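Please open the structure in your viewer and follow the selections below in order.

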Amino acid sequence: MEKKLKKDLSSLNELFDFIQHYADNKQMDSDIRFALNLAAEEIFTNLVKYNTQSRNDIRITLQKKGDQIILALTDFNVEKFDINQIKQYDIHQPLSERPVGKLGLPIVKKLMDKVEYEYKNHNSIITLVKYVRNEYV
Amino acid sequence: MFDIQYGENKEIRLIGKFDATQADKAKNIFDQIQDTHTVNFEKLDYISSMGLSILLITQKRLLDVGHELILINMTRHIREVFGYAGFDEIFKIVPS
């Protein structure tokens, strides 16, 4: 399943609708729905906020391969920005030293089983994988 | 849908889906708080990092003046997100 979304926060509802439609089809439980929604929002809002060189639509795809749900977001015609190279946020820092923001990625990494980055033909592709039980077809 | 309500006894109720598009609505309320308040999550289904950041900013500001936010009635999903962010070390989270 695939959809293109305007690169703007106002597209978030469409993003959630897309995930809901897929999850309804697959009769997914609330744990997976919650994880997919949150991980997708965090990556999408990061692309909106930080990859501002282009205003092209963002492509989102959702598919199941074996026991994996694969959610991929493609940001077209942008510079390389490898989210796996960002300095890791220390969740044990005392409050006074904590930066405000930058919480999204550590949460995504906890929610999903794999977070992969690929840069190809000036496009950033972020692929998130969640392992699921095989009753979801 | 997201809503934020200022209730009795210095309680703020979060309702629905608190995603990045709701930041301004929430910030308008949290920015007005000057002392210890309870935040009731009972009817909140979802929160993303934007919401967490607003709570973090408020907590920093309140602790500087000897006050804090006390978080109550979280659903399991939201409680887990707070754990992922390390927020259980900086907020008093009262189990439901």
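Select Leu12(A), Leu15(A), Phe16(A), Phe18(A), Ile19(A), Tyr22(A) and Ala23(A), which are buried residues of H1(A). Buried means under 20% relative accessible area, exposed over 50% and partly exposed in between, with a 1.4 Å probe and protein chains only. These residues cover an arc of only 155° around the axis, which puts them on the same side of H1(A); the arc is that of the directions from the helix axis to the C-beta atoms.

The model is predicted: local features need pLDDT of at least 70 and side-chain atom pairs count only at pLDDT 80 or more, while totals for chains, interfaces and linings use all residues. Residues are numbered from 1 along each chain as its sequence is written, chains are lettered from A and ligands numbered from 1 in the order in which they are written, and side-chain values use heavy atoms, with hydrogens and water left out.

Next, select Asn13(A) and Asn25(A), exposed residues on the face of H1(A) turned away from its buried side.

Now display what covers the buried residues, including helix H2 (30–50) of chain A and strand S3 (37–47) of chain B. Helices (H or I, at least four residues) and strands (E, at least two) are DSSP runs, numbered from the N terminus.

Move to Gln27(A), which follows H1(A) and has a positive phi, near 50°.

Finally, select Asn46(A), Leu47(A), Tyr50(A), Asn51(A), Phe81(A), Ile83(A) and Ile126(A), which line the largest cavity. A cavity is a set of points on a 1 Å grid over the protein atoms alone where a 1.4 Å probe fits but cannot get out, and lining residues have an atom within 4 Å of a point. H2(A) gives the most to this lining, with 3 residues.

Conventions. Contact means heavy atoms within 4.5 Å. On a 1 Å grid over the protein atoms alone, a cavity is a set of points where a 1.4 Å probe fits but cannot get out, and a pocket is an open set with protein on both sides within 12 Å along at least five of seven lines; lining residues have an atom within 4 Å of a point.
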